[in-house]
Amino acid sequence: MQIIISPAKKMRVDNDDIGAARLPAFLSKTEELLVALRALDYEALQNLWQCNDAIAELNYSRLQKMDLRRNLTPAVFSYDGLQYQHLAPNVLDEAALDFLDKHLKILSGFYGILSAFDGVVPYRLEMQARLSCGGAKNLYAFWGRSLYDELVKEDNEVLNLASREYSKTVEPYVDKNIRFVTCIFGTLNNGKVKVRATEAKMARGEMVRRCAENNVQHIDDVKNFTVNGYSFAAELSTDIEFVFLK
């Protein structure tokens, strides 16, 4: 089983405790994107990033001195959003961290797809950003089906805990030989499942942590977990979508 999650916008450098195990699989493609980004001026980059001046200045500075092969942080420790705070890799034991290394994949606009201990640097590039590169009109076209092929090359089960922005980089390519299950975390409102984005991020992170702590090898095993107050709702779930309700 492979687990896919989204990255976080907020990132940090932490290479003192645990070093990066390897370079990302698509580093040469990332280098292409870096060239394309550096070709843009400050105003164009801020427009691409859709952010305020402080964030734009920070990431513009990062871009000018970015070295993709030095001073790297393992990806799962580099992202610092709510999902990763609830994943809490810093509290996991060696066996659970080994699980993450084997089973967790982070989808990224800049790096494509990352294993938990691939070495990364802080960057800002959302998958839906309107960046043209290598003849592709956007990042979805730039990455094509390469991320999907990397994801399923050694496994035929995928647990989707990524947001729609990122899951649609791989979902269109899923074939009948792959079991692809999406987890939905919400509440019932007039018979419909309502998802609160902030709470869903927390639940996704906790689900990854529970999988790692319990060495989960098959998708159906996650039905047994209650995460962030959400429990499996069999009556609302299907073979391709597991609904968890609070």
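On a 1 Å grid over the protein atoms alone, a cavity is a set of points where a 1.4 Å probe fits but cannot get out, and lining residues have an atom within 4 Å of a point. In this model, the largest cavity is lined by L37, W49, N59, L63, M66, F110, Y123 and R124. The model is predicted: local features need pLDDT of at least 70 and side-chain atom pairs count only at pLDDT 80 or more, whereas totals for chains, interfaces and linings use all residues. Residues are numbered from 1 along each chain as its sequence is written, and side-chain values use heavy atoms, with hydrogens and water left out.

**Cavity**

- The structure holds one cavity of 30 Å³ or more.
- About 50 Å³ of space lies in the largest cavity, a volume being the space filled by probe spheres set on grid points that are joined across faces, edges and corners.
- The lining of the largest cavity comprises six nonpolar residues, one polar and one charged; Ala, Val, Leu, Ile, Met, Phe, Trp, Tyr, Cys and Pro count as nonpolar, Asp, Glu, Lys and Arg as charged, and the others, Gly among them, as polar.

**Helix α3**

- Helices are DSSP runs (H or I, at least four residues), numbered from the N terminus.
- A56, N59 and L63 are the buried residues of α3, where buried means under 20% relative accessible area (1.4 Å probe, protein chains only).
- These residues lie on the same side of α3 because they cover an arc of only 75° around the axis, the arc being that of the directions from the helix axis to the C-beta atoms.
- The buried residues of α3 pack against α1 (27-38) and α2 (42-49).

**L45 in helix α2**

- L45 lies in helix α2 and is buried, with a relative accessible area of 0%.
- Beyond its neighbours within four places in sequence, L45 is in contact with L37, L40, Y60 and L63; contact means heavy atoms within 4.5 Å.
- L45 and Y60 are 15 residues apart in sequence, and their C-alpha atoms are 7.7 Å apart in space.

**Largest pocket**

- The largest pocket has a volume of about 430 Å³; a pocket is an open set of points with protein on both sides within 12 Å along at least five of seven lines.
- Among the 20 residues that line the largest pocket, S6, P7, A8, K9 and K201 are the closest to its centre.
- α5 (82-87), α9 (164-167) and α10 (197-213) each supply at least two residues of this lining, and α5 gives the most, with three.

Note on methods: Buried means under 20% relative accessible area, exposed over 50%, partly exposed in between (1.4 Å probe, protein chains only).
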